[in-house]
Structures are given as structure tokens and as C-alpha cells.
Amino acid sequence: MKKRALVSVSDKAGIVEFCKRLIACDYEIISTGGTAKTLEAAGLPVIGISDLTGFPECLDGRVKTLHPIVHAGLLAMRSNPEHMEQLEKLNINTIDIVAVNLYPFKATISKPDVTFADAVENIDIGGPTMIRAAAKNYQDVAVVVDPKDYERVLSELEAGEITLDTKKYLQYKVFAHTAVYDSMISNYLAQQLDIRFPDSITFAYEKTQDMRYGENPHQGASYYSEEFIRAGSLSKAKQLWGKELSYNNINDANGALELVKEFEEPCVVACKHANPCGVGVGKTIHEAYVKAYESDPVSVFGGILAINGQVDEATATEINKIFIEIVIAESFTEGALEILKQKKNIRLLELPDIKAKREATAYDMKKVYGGLLVQDYDNTLFAPENLKVVTKRVPTEEEMRAMLFNWKVVKHTKSNAIVVGKEDRTTGIGMGQTNRIWAAQQAIAHAGKEVKGSVMASDAFFPFPDCVEECVKAGITAIIQPGGSIKDQLSIDACDEAGIAMIFVGDRHFKH
């Protein structure tokens, strides 16, 4: 019985050379549709699938490989005498190699004008059935779904036979491939039905890089990006300079990126350990950088910068005065790149769509041991209709601008969080404390002399008037917070007594 390979691929890269070498190893090639035409055009002998089965392709190609002659040839266990006797009786040949990749469902639904009918038509049926059958019978059939594996299969075959280890590896690749494929389909269909939190949920991610280590040197790690890379995400950034990003680099850079998206005007966010340590806005990126740096020069050292505009030579010169781990920006001038590349340990990332907002269909996820927390992203600041002044003194226009600026920052600061600042920069940030008064005291201490005349933003309500009391001592003039404590009136009274303006916005922004 002559060896046979069944070849049917949507990705035709390398398929002609693959089949040439199979033929040289005395294999017959069975093929379908466009793949058969490609091989025949290259002058290779091909057995058409209809010639094999004696049944024509039908229903616009929906039915061609779904046939007992194909699947018996794939599933027959060569070590089982009864299987082999049945094949002989039925005059069915075995199929020993399968090279199949599936209809381009991902490419189809990525088109902006794709219709639901087009998407459904590109759900492969015969392909997954064949490769799953071949993978089930892995000890007898080598099944290749990734063109990158052609050479491994061929080199072993040309040396004698395909090893069992390789067949097991190819089996794994099949079920990883179909799992991703089915995940894309189910997620697409869920979106069409507006099902946000289904009873079961799957996600497909593609490895972007292996890392030297994880959060700590004794932990292994890799970075995976979503199958459909979203605009404005870190996965879309192009690295222009520096060594590979680490686990902590990516986590911290994402924190900076999330915050800088809150601003339309030129903005620079400095982050450390996924928390903002300095944020500034200005008429230019250079002005914004200076304000962000001066917010906390000690913490900015060794930090990460997210910049929602172009880095010019003047800004690059300022950045180079200290050690910065990463600069992620909309773009860099050639002169700025020359300056920044003088520091060999800095990483430079370009993200032209850095201002792109998060898509409503995206999930915010946190892995816990044994489970996964899934929620909508926190995409709001507050509902304008809920904003209300609760004190006797109404904030000035300057104070309102300052409160709204710092409210954006506190939203992206780990709870318990307090941010102190002016209308164009933070002056002190307190984060990650187990009680709110410590966060307030930390923010005020970091602000130093700059605290006087600043405003305060709190990510959640004040359960006691102690934070207001700290504001009074520090010279803070206005407060923005959600409100909602049963003891709100105590804080309101304390503000009124001190002449501090306070507004409630109704929306809480815990970040854990």
C-alpha cells in the first residue's frame, strides 16, 4: 500500500516545496480545490479528492472531505489487525500525512465591512474534522497545521521516518490550533448577540515573546498578545531601541499607557510599579514633561514615561538627564532618537495610535488562583448629571479644572488612593494604603511645599472627616470625591468650617 499525504491549505506558503519532497519520498498527494490547482500548476501529480472518494465536491465546496474513505484512511490504527482487514475489504488506502490549515476566519472577521454571512461561510468544517481525526490517530498519522513545521517533518522523513515525539508534538499543535479557532468563532458569535458574560468563556492569545524571568527572577514568564491586537494597546507598540521588555516593564508601561489615554492635551505620565508618580499637561510635550518630572523627581528616576505626542530634541535632552527605563510615545523626531539612543539601557517604544480609547468589547481581567475575574473596563470618569457641590463655598473655575485633572489621575492609582495637585500637574500621590488617612498623609508629604493651594482627589468616599482635617492643616483648598458614606455630613461640615470647597461625583474608582 503506497504512502499517501492529504494536503488542503488556505495558507499556501511553502506547500509546493513540501509536496515535491514528499513525492521524492515516494508519497502520493491527495488534494482539494485551490490547493490542488496550485500543485498542478507547479507540475506535481495530484489525486483529486473526488477521484479518491468517487463522490463530487458539492454545496459550493462545503462537502468534499467529509467521506468514509477519507476518515477511515485517517483513523485506522495500523497496529489493529481488524482495522486493517476492514480497510482491505473496503478497498480503502491509509492516509499517513495530513497538511491542513483552516479557512481564514480571523482574516475574514478582521475586515471592516465583513457581513455575518461572510463570517459564517468562513467557518471551516471539513478541515477541523480531518486534523482532529488525524491527531487522534497520532501514532500512525503525522498532521501538520503550521507551515513552520514542514521542515521538521521532511527532514525526519528523509532520514528514515517521522519520530513518535514529533507526531505527539504535531498532535498537540492540532488541538491548540482548533481551540484557538473555535475560541475566535464563539467570541465573534457572542459579540453578535451582545453576550458580555457567557456561561463559559474562552480567550485566544498568541505568544509575543519569552521573558528572561517573571515578576521575580525565580519565576518563568512569557508575554502573549490578543489574537486581534487592539488599537492603542501595548501589543501594537514598535520598539525602536533597547533590550527586550521584562514582565515588570510591560505591566508598568501598561499602567502609564492607561492613564495617558485620559488626556487629549499634551500629557506626560511617569509611572513606577504600575502607579503614577508624576503627571503633567501643557501646551507642548516638553512643558508637560517638565511638570511631570517636577511632581516627584525622586520617584520618576528609573520610571516609565507615557507621552501622548511627539518627543522632540528638547524633551529628549531633559529625559536624558536622569535614568528612565522606558519611553512610550506617539512618535519621536530623528533628533530625539539620536539623543535618547545615547543611553543604552533605555527602551523606546513608538505607538502612533496611543490616544485610541479602549474598545467597549474589551475585558478587564485578573487571574486568581483557580479562577479568573472578568469585568468591563472602567471607561468612565463620572456622570456629569451626578456632579454636585456639597459645601457652602463653590469651587473656583481654576479649582474645578484642577479637581477634574486630578480625578483622572486618582482613577488610575492603586486603592486606597489620594492625589494632590494643581490644574496642570500632580504635586503628591498616595497609593495602595490600607486606610485612606495614610494615603492622604502620604500624598501631602510627597507634595511638600507644593501642597499649599493644591486640590485633593480621592478614589472613594471619606468614611471620617480625618482626611479633611489633613487638608485643612496642609492648605488644600478643594476636594473631589464620590460621596456616599453614611457619615458624609461630617466631612461636609469640616469643609464648611475651614472654607474648603468639596464636590461629589457619585462614581467610585477603586483599582486593585
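A residue is called buried when its relative accessible area is under 20%, exposed when that area is over 50%, and partly exposed in between, as computed with a 1.4 Å probe on protein chains only. The structure is a predicted model, in which local features need pLDDT of at least 70 and side-chain atom pairs count only at pLDDT 80 or more, while totals for chains, interfaces and linings use all residues. Residues are numbered from 1 along each chain as its sequence is written, and side-chain values use heavy atoms, with hydrogens and water left out.

Helices (DSSP runs of H or I, at least four residues) and strands (runs of E, at least two) are numbered from the N terminus. In helix α17, the buried residues are Arg436, Ile437, Ala439, Ala440, Ala443, Ile444 and Ala447. Seen down the axis of α17, these buried residues fall within an arc of 160 degrees, so they line one face of the helix; the arc is taken from the directions from the helix axis to the C-beta atoms. An α-helix has 3.6 residues a turn, so residues three or four places apart point the same way. The cover over the buried residues of α17 includes β17 (418–421), β18 (426–430), β19 (455–458) and α18 (466–474), where contact means heavy atoms within 4.5 Å.

At the N-terminal end, α17 is capped by asparagine 435, of which a side-chain oxygen lies 3.3 Å from the backbone nitrogen of isoleucine 437. After α17 comes glycine 448, whose phi is positive, near 60 degrees.

Elsewhere, aspartate 96 lies in the loop between α5 (81–90) and β4 (97–100), and aspartate 96 is buried, with a relative accessible area of 8%.

Note on methods:
Polar contact = N/O pair within 3.5 Å; in protein donor to acceptor, adjacent residues only side chain to side chain.
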